[in-house]
Structures are given as C-alpha cells and as structure tokens.
Amino acid sequence: MPVHTSGSSQGSHGRGAGLGLALASALAFGGSGVAAKPLIEAGLDPLHVVWLRVAGAAVVMLPLAVRHRALLRRRPALLAGFGLLAVAGVQACYFAALSRIPVGVALLIEYLAPALVLGWVRFVQRRPVSRAAALGVVLAAGGLACVVEVWSGLSFDPLGLLLALAAACCQVGYFVLADQGSEAGDEAPDPLGVIAYGLLVGAAVLTVVARPWTMDWSVLAGSAHLDGTAVPAFALLAWIVLVATVVAYITGVLSVRRLSPQVAGVVACLEAVIATVLAWVLLGEHLSVPQVLGGAVVLVGAFIAQSSTPAKGSSEPIATGGAERELSARGTAA
C-alpha cells in the first residue's frame with residue numbers, strides 16, 4: 001500500500017537532504033587544499049595541480065558524458081557556462097589572485113559569492129529573499145574574515161582584488177547554473193551530465209592556461225610530506241580528483257537543486273572553516289582564538305540561512321529551491 005506524505009514533511013525531508021549534501025560538498029571541497037599543498041611543496045606549480053584535478057575528474061566522469069550526450073544538443077549554453085564559470089573560471093581566477101594578494105584576502109573576497117547570489121536572485125531574477133537568508137550571509141562573511149585572519153596581510157593590488165572578485169562572480173555562476181532546470185520536471189538536465197561536460201570544458205580551458213606539457217611529471221612518482229609524514233604523491237592526487245572534485249561537485253550541484261542557490265551558497269562558506277580545521281589537524285597549522293570564534297560565527301550564519309525557508313503556505317518572502325518547487329507542483333501524490 002502506498003504511503004502518502006504531506007507536502008510540508010516532504011519539503012522538510014528535501015531540505016534536510018539538501019543540507020546534508022551541502023555539508024558533504026563543503027567537506028570534500030575543503031579537503032582539497034590539505035592534499036594540494038604537499039604536492040605544491042614537492043615541486044608542482046599550483047596551476048598544474050588545478051589542471052590535474054580537473055582533467056582527472058573529467059576522465060572519471062567521461063562515461064557519464066557519453067551517456068548524457070543528448071545534453072550537447074539540448075543545453076549547449078548551460079554546459080559551456082558551467083565549464084567556463086563553475087570549473088575553469090573559479091580555479092584560474094582564484095590561483096591568479098593568490099599570486100598578487102594574500103591568501104586570506106583572496107579567500108574572503110571569493111566567499112562574498114553568497115551575498116552576490118542574493119543580489120542576483122533579488123535584482124536580476126526579481127524574486128524576494130528572506131531577512132534570515134540575508135542575515136546568514138552577513139554573519140558568514142564576518143566569520144570568514146576571522147577564519148582567514150584578513151587583517152594579517154592586507155594588500156590593495158588592484159589587479160589581485162579584481163581577480164579575486166572575478167572568482168567570486170564565477171562561483172555565483174556555479175550556484176546559479178547548478179539550479180538551472182530545477183523547475184523543468186522531467187525535462188530538467190541531469191546534474192551528472194552537466195557536471196561531466198562542465199569538467200570536460202573546464203579541462204580544455206585550463207589546458208591552455210596551465211600548459212601541462214611544461215609540468216614536472218616525475219613529482220607524481222615520488223612522495224610528498226603531510227606534516228612530516230611521507231605520502232605517495234599519486235595518492236594525494238587521487239584524493240583531490242575523486243573526493244575533492246568528483247564527489248564535491250556532485251554533492252554540491254545536488255544540494256543546490258534541493259535547497260536554493262543563496263542558501264547552498266551560505267552553507268558552502270563552511271568550506272573555509274573545514275579547510276582551516278583540516279590544515280590544523282593534518283598539516284600542523286594551528287588555529288588562533290579569532291579563527292575558532294570566526295568558525296563558530298560561520299556555523300551560526302549557515303544554520304540561519306538554511307533554516308530560512310518558510311513552511312509551505314507561509315507568506316514570508318523567500319526564493320525557494322528546486323526540490324520545494326517540484327513538491328509544490330506534485331502536491332501530495334505518492
């Protein structure tokens with residue numbers, strides 16, 4: 001006998017699943033730096049690490065690209081945009097910014113993306129957003145300033161700041177494009193197909209930027225040091241490709257489909273907190289008191305933002321995510 005579930009409980013379940021996916025994505029993305037830093041210290045150029053990450057993930061996702069090849073005809077602009085912005089743009093702009101301004105400043109500017117997402121939803125899509133979501137963004141941005149200790153190395157290189165802002169804009173593209181098609185029902189593009197082709201496009205673009213033929217490939221055959229412990233370089237690369245890229249993008253896109261771009265964006269701010277904690281545990285980079293307090297503020301901001309979606313039938317303004325729009329259309333049908 002089929003079990004009928006109310007729309008509100010289904011929406012609550014969808015929000016919970018979306019939050020879990022967003023946290024998993026933040027954890028996966030946050031672990032990339034811990035694995036990448038030993039490879040860079042072993043002799044690889046940062047852009048080469050980025051290229052290995054994206055190209056390797058593209059190879060892993062290639063069978064899915066073949067399976068969803070119809071997307072090339074149906075949604076070519078979406079695939080190109082996701083590859084250029086969500087994959088290549090974020091990575092290239094962020095690492096280029098690091099060459100001119102401090103890491104903390106670049107990271108903080110990049111994670112202004114949730115605030116920019118709210119601006120996109122409110123002024124471009126002309127949809128209302130809740131005060132709670134806006135408050136969550138403000139708290140998360142303030143907490144991030146403490147996590148990355150932005151005051152420890154301020155620099156006002158105009159090009160570096162512009163590149164970091166470009167990375168933030170590309171990250172907005174990631175959240176907005178990940179939400180595309182969530183209202184289209186059966187015609188919605190499969191997220192796995194979008195990710196697969198996005199990685200292929202991103203790998204092609206980064207090949208031109210990173211010039212991998214100049215890379216010292218012998219580094220991958222040796223070992224890298226993780227807080228004094230020798231670890232096979234190839235094992236670190238496998239983590240970056242499989243977990244920090246494939247798993248991170250899949251869970252991230254699925255979370256946007258179940259939440260909304262602005263809510264998933266604020267939860268993604270936890271990536272900086274996770275990266276800092278992992279660096280503390282695995283690399284011996286100790287946290288200061290302001291960093292610990294900042295991480296707590298980010299957690300509070302993320303909680304407020306993800307809990308800001310009103311119950312079904314509420315008049316509180318909010319730009320709801322794809323899963324809740326779908327539930328509204330389906331009603332209580334089992």
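Predicted model: local features only at pLDDT ≥ 70, side-chain atom pairs only at ≥ 80, totals over all residues.
## Finding the helices

Helices here are DSSP runs of at least four residues, numbered from the N terminus. Start with Leu-112: the loop between helix H7 (103-110) and helix H8 (113-124) is where Leu-112 is found.

Together with Leu-116, Leu-159, Leu-162 and Leu-165, Leu-112 makes a nonpolar surface patch of about 400 Å². Which helix gives the most to this patch? That is helix H10 (residues 158-178), with three residues.

## Rings that meet inside

Now let's look at the aromatic rings. The count of aromatic pairs comes to six. In one of them, the ring centres of Phe-29 and Tyr-249 are 5.2 Å apart and the planes are at 80°; planes over 60 degrees apart count as edge-to-face, so this pair is edge-to-face. Phe-29 belongs to helix H1 (residues 7-30) and Tyr-249 to helix H12 (residues 233-258), so the pair ties together parts that are 220 residues apart in sequence. Both of these residues, Phe-29 and Tyr-249, are buried.

Tyr-249 pairs with Phe-82 too: their ring centres lie 6.3 Å apart with planes at 65°, so this pair is also edge-to-face. Phe-82 sits in helix H6 (residues 76-98) and Tyr-249 in helix H12, so here the parts tied together are 167 residues apart in sequence. Like Tyr-249, Phe-82 is buried. One aromatic cluster takes in Phe-29, Phe-82 and Tyr-249 along with Tyr-174 and Phe-175.

His-48 lies in helix H3 (residues 46-60). Why does His-48 count as buried? Its relative accessible area is 8%, and buried means under 20%, so His-48 qualifies.

What does His-48 touch, leaving out residues up to four places away in sequence? The contacts are Ala-210, Arg-211, Pro-212, Thr-214 and Met-215. Leu-206 is 158 residues from His-48 along the chain, yet their C-alpha atoms are separated by 9.0 Å.

## Helix H14

Let's finish with helix H14 (residues 270-283). From first C-alpha to last, its 14 residues reach 19 Å, close to the 20 Å expected at 1.5 Å a residue. Buried residues in H14 include Leu-270, Val-273, Ile-274 and Leu-283. After H14 comes Gly-284, which has a positive phi, near 75°.

Methods
Residues numbered from 1 in each chain as written. Heavy atoms only, no water. Helix = DSSP H or I, 4+ residues; strand = E, 2+ residues; numbered from the N terminus. Expected span 1.5 Å × (residues − 1). Buried < 20%, exposed > 50% of the residue type's maximum accessible area, 1.4 Å probe, protein only. Patch = residues over 30% accessible without salt bridge, like charges linked within 9 Å, V, L, I, M, F, W, Y side chains within 5 Å. Areas by Shrake-Rupley, 256 points an atom, 1.4 Å probe, with all protein chains shown as cover. Salt bridge = Lys/Arg side-chain N within 4 Å of Asp/Glu carboxyl O. Phe/Tyr/Trp six-rings, centres within 6.5 Å; stacked < 30°, edge-to-face > 60°. Contact = heavy atoms within 4.5 Å.
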